[in-house]
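Here are a few friendly notes to read alongside the model.

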Amino acid sequence: MATTQSKEDIYFSVCNAILKMEVAKGHLKWTLSEISRESGITRSLIYYYFGKEKKTALEEAYKFIISHFFNIERTRSVGIRERLRQILIDVRKMPYLFVLYYLEKNAGSEVGQMIKEAESLLVKALKQEFPKLSETQILEIYLKELGAITYQLPPEQVQDLFEDYI
């Protein structure tokens, strides 16, 4: 039941539903009632956390997903393997996440710009975590992460990655 869920669980459920509808129906061709049915979250909670406008809800969903996906705030504290393991788990629960990342990254949209800024922050965080690595090696880490997501690497196999960097 939605009332016993944490704010992050509610966000995760609603964002997953928004991303799914955005892919399945097209840009803003869904209703907040459909999001409520798909997510199992009441419309009143959706209004409370996301507002009553679809565009605002979509923007909030993108902000939450980008923050969650890139895990900028927690990169240094959880480490590279744990961050990737969590992303792989989340992408399994939220399969539309990577589809929209791919579609929006170079679309020249506001979301595309948000993605690029988040990538820049992630690269900066990786440079702090691994100060002895070159720009190319940092890029290799990020590309390895994207490859693991695209390949749908089982999260338990993350421990085998990044030996050369850690």
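1. V158 is buried, with a relative accessible area of 1% (buried means under 20%, exposed over 50% and partly exposed in between, using a 1.4 Å probe and protein chains only). V158 belongs to the segment after α8. Leaving aside residues up to four places away in sequence, V158 touches R81, L84, R85, L88 and L153, where contact means heavy atoms within 4.5 Å. V158 and I80 are 78 residues apart in sequence, yet their C-alpha atoms are 9.5 Å apart in space.

2. A word on the basis: this is a predicted model, in which local features need pLDDT of at least 70 and side-chain atom pairs count only at pLDDT 80 or more, while totals for chains, interfaces and linings use all residues. Numbering runs from 1 along each chain as its sequence is written, and side-chain values use heavy atoms, with hydrogens and water left out.

3. Do look at helix α4 (residues 54–70) against helix α6 (residues 96–104): they pack at about 105 degrees, with axes 12 Å apart. The two are therefore roughly perpendicular (65 to 115 degrees). From α4, Y62, I65, F69 and F70 meet L97, F98, L100, Y101 and E104 of α6. By class, this contact has 8 nonpolar, no polar and 1 charged residues.

4. Which residues touch the most other members of the largest nonpolar core? They are I35, F69 and F70, in a core of 54 residues (buried Ala, Val, Leu, Ile, Met, Phe, Trp, Tyr and Cys joined through side-chain atoms within 4.5 Å). Beyond residues up to four places away in sequence, I35 touches V14, A17, I18, M21, W30 and I46.

Notes:
Axes fitted to C-alpha atoms, helices over the stretch in contact; angles between N-to-C directions. Helix = DSSP H or I, 4+ residues; strand = E, 2+ residues; numbered from the N terminus. Parallel < 35°, antiparallel > 145°, perpendicular 65-115°, else oblique. Nonpolar A, V, L, I, M, F, W, Y, C, P; charged D, E, K, R; others polar.
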